[in-house]
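The chain is shown first.

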Amino acid sequence: GERLVAERRAYEQSRTGEQKAAFGRMLHHTMDLWYAHAAVTVVLLTQLPDELPAGFDTTRTYESRGWTTFERCSAELSHPFRLFSAGWKLVIDVADEAGGAKMRLPATPARMEALLAKCRFTNGADKGTVLALYEQTAAAILGSLDKLSVAGLPLVRGDVWCSPSRLAEALNYCSSLRAVAVV
């Protein structure tokens with residue numbers, strides 16, 4: 001915990017100005033490509049390994065961390081809707097015996113803000129950056145969809161990820177949408 005944070009801060013302080021600028025460009029101009037690009041296979045490491053280093057904070061699960069929440073939700077912006085045209089699983093959860101990740105509807109920026117409010121960040125300062133990156137990514141991906149298929153995804157009232165109301169929220173961001181396939 002604390003040692004990891006201290007090591008990270010020491011590393012960040014050791015970067016040159018050029019390295020800091022390159023990191024900033026990467027962070028603000030390419031993160032959407034890492035997780036939300038439809039041609040990228042995303043592997044989710046949602047389960048902690050059996051053996052952990054001494055002092056590891058086991059309460060820092062995949063779901064409780066801010067950056068991993070961003071990564072998963074970014075992948076879900078485009079991947080679930082292209083599963084039927086792909087010849088492989090686009091989002092893989094290694095904790096799932098079948099290797100797949102449960103399909104979920106995309107999180108809107110408002111939903112992401114609520115999710116991040118419950119998450120922890122190593123340095124405590126990344127929440128605003130993560131939300132801004134997600135807003136940018138969601139606007140680009142959802143705003144450019146002209147066809148949306150959630151066929152095969154059961155829509156259940158009250159389901160936190162796959163309810164009709166969650167679909168309605170996501171549709172509000174799909175400004176270029178021409179066709180929706182639900183059944």
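## Terms and exposure

Buried means under 20% relative accessible area, exposed means over 50%, and partly exposed lies in between (1.4 Å probe, protein chains only). By that rule Val183 is exposed, because its relative accessible area is 92%. Val183 lies in the segment after β4 (179-181). Helices (H or I, at least four residues) and strands (E, at least two) are DSSP runs, numbered from the N terminus.

This is a predicted model: local features need pLDDT of at least 70, side-chain atom pairs count only at pLDDT 80 or more, and totals for chains, interfaces and linings use all residues. Residues are numbered from 1 along each chain as its sequence is written, and side-chain values use heavy atoms, with hydrogens and water left out.

## Overall build

The protein has seven helices and four strands. Along the sequence they run α-α-α-β-α-β-α-α-β-α-β. The C-alpha atoms fill a box of roughly 50 × 40 × 30 Å along the principal axes.

Of the 183 residues, 38% count as buried. Contact means heavy atoms within 4.5 Å. Among contacts between residues at least 6 apart in sequence, 73% join residues at least 24 apart.

## Surface and patch

The accessible surface comes to about 10,800 Å², and carbon and sulfur atoms hold 56% of it. Areas come from the Shrake-Rupley method with a 1.4 Å probe; for residues, only the protein chains shown count as cover.

## Nonpolar core

A nonpolar core is a set of buried Ala, Val, Leu, Ile, Met, Phe, Trp, Tyr and Cys residues joined through side-chain atoms within 4.5 Å. The largest one has 36 residues, of which Met31, Phe70, Cys73, Leu116 and Tyr134 touch the most other members. The elements giving two or more residues are α2 (17-29), α3 (31-35), β1 (42-44), α4 (66-78), α5 (109-117) and α6 (127-144). α6 gives the most, with seven residues.

Beyond residues up to four places away in sequence, Cys73 touches Arg104, Ala107, Met112, Leu115, Tyr134 and Trp161.

## Salt bridges

A salt bridge is a side-chain nitrogen of Lys or Arg within 4 Å of a carboxyl oxygen of Asp or Glu. The count is four. Arg120 pairs with Asp57 at 3.6 Å, N to O. Arg120 lies in the loop between α5 and α6 and Asp57 in the loop between β1 and α4, so the pair ties together parts 63 residues apart in sequence. Arg120 is partly exposed at 36%. Asp57 is too, at 29%.

Glu76 meets Arg72 at 3.0 Å, N to O. They sit four residues apart in helix α4, so about one helical turn separates them. Glu76 is buried at 3%, and Arg72 is buried at 12%. Glu169 bridges to Arg166, with the closest N and O atoms 3.0 Å apart. Shared partners join Arg72, Glu76 and Arg104 into one network of salt bridges.
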